[in-house]
Amino acid sequence: MEQELSVDLLCLHCQEQLRGETNKIYKPGDTIKCDSCGELNDYERVIEIAQQKVVELIKSQTEGDMTITLDKPDEK
Ligand SMILES: [Zn+2]
């Protein structure tokens, strides 16, 4: 069974969804500007929170009996 999981990237300040700039590839150290409150969000932190959400999502779907590790592709 394959499932695709997707979570929204949320603003660290107002929790609104971050859309970022179209066609821009974000990398560590970048900031994403929030459309709603205009604050800048640290890309790495936003991703970290999104990854935690994915883990929680998977855990809730598997009733918590699965160990999940996430590798950041940029950490080699
Ligand atoms: Zn915001």
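Predicted model: local features only at pLDDT ≥ 70, side-chain atom pairs only at ≥ 80, totals over all residues.
Trainee: In which order do the elements of the chain run?

Mentor: Helices (H or I, at least four residues) and strands (E, at least two) are DSSP runs, numbered from the N terminus. The chain holds one helix and two strands. From the N terminus on, the order is β-β-α.

Trainee: In which element is confidence highest?

Mentor: Confidence is lowest in α1, at a mean of 90. The highest value, 96, belongs to strand β2 (residues 40-42).

Trainee: What span does α1 reach from its first C-alpha to its last?

Mentor: The helix α1 has 19 residues. Its expected span is 1.5 Å times one less than its number of residues, which gives the expected 27 Å. The span in the model is close to that value, at 27 Å.

Trainee: Which residue with a positive phi follows α1?

Mentor: The helix α1 covers residues 43-61. The residue that follows has a phi near 55 degrees, and that residue is Glu-63.

Trainee: Is Val-55 buried, exposed or partly exposed, and why?

Mentor: Val-55 lies in helix α1. A residue is buried if 20 or more other C-beta atoms lie within 10 Å of its own, exposed if 12 or fewer, and partly exposed in between, with C-beta atoms placed from the backbone. Because Val-55 has 16 other C-beta atoms within 10 Å, Val-55 is partly exposed.

Trainee: What distance separates the C-alpha atoms of Ile-49 and Leu-10?

Mentor: Ile-49 also lies in helix α1, and with 14 C-beta neighbours inside 10 Å it counts as partly exposed. Ile-49 and Leu-10 are 39 residues apart along the chain. Their C-alpha atoms are separated by 8.4 Å.

Trainee: What percentage of the residues of the chain count as buried?

Mentor: The count is taken over the 76 residues of the chain. The buried share is 7%.

Trainee: Why does Asn-23 count as exposed?

Mentor: Asn-23 is found in the segment before β1. Its phi is positive, about 70 degrees, although Asn-23 is not a glycine. Asn-23 counts as exposed because its C-beta neighbours inside 10 Å number 5.

Trainee: What is the phi of Gln-15?

Mentor: Gln-15 is found in the segment before β1 (31-33). Gln-15 is exposed, with 12 other C-beta atoms within 10 Å. Although Gln-15 is not a glycine, its phi is positive, at about 65 degrees.

Trainee: Which residues does Cys-37 touch, not counting residues up to four places away in sequence?

Mentor: Cys-37 lies in the loop between β1 and β2 and is partly exposed, with 13 other C-beta atoms within 10 Å. Its C-alpha atom is separated by 9.7 Å from that of Gln-15, 22 residues apart along the chain. Two residues are in contact if their C-beta atoms, placed from the backbone, lie within 7 Å. With residues up to four places away left out, Cys-37 touches Cys-11, His-13 and Cys-14.

Trainee: How far apart in space are Gln-17 and Cys-34, C-alpha to C-alpha?

Mentor: Gln-17 lies in the segment before β1 and touches Asp-8, Leu-9 and Leu-10, not counting residues up to four places away in sequence. Gln-17 and Cys-34 are 17 residues apart in sequence. Their distance in space, C-alpha to C-alpha, is 8.0 Å.

Definitions and conventions:
Residues numbered from 1 in each chain as written. pLDDT = per-residue confidence, 0-100.
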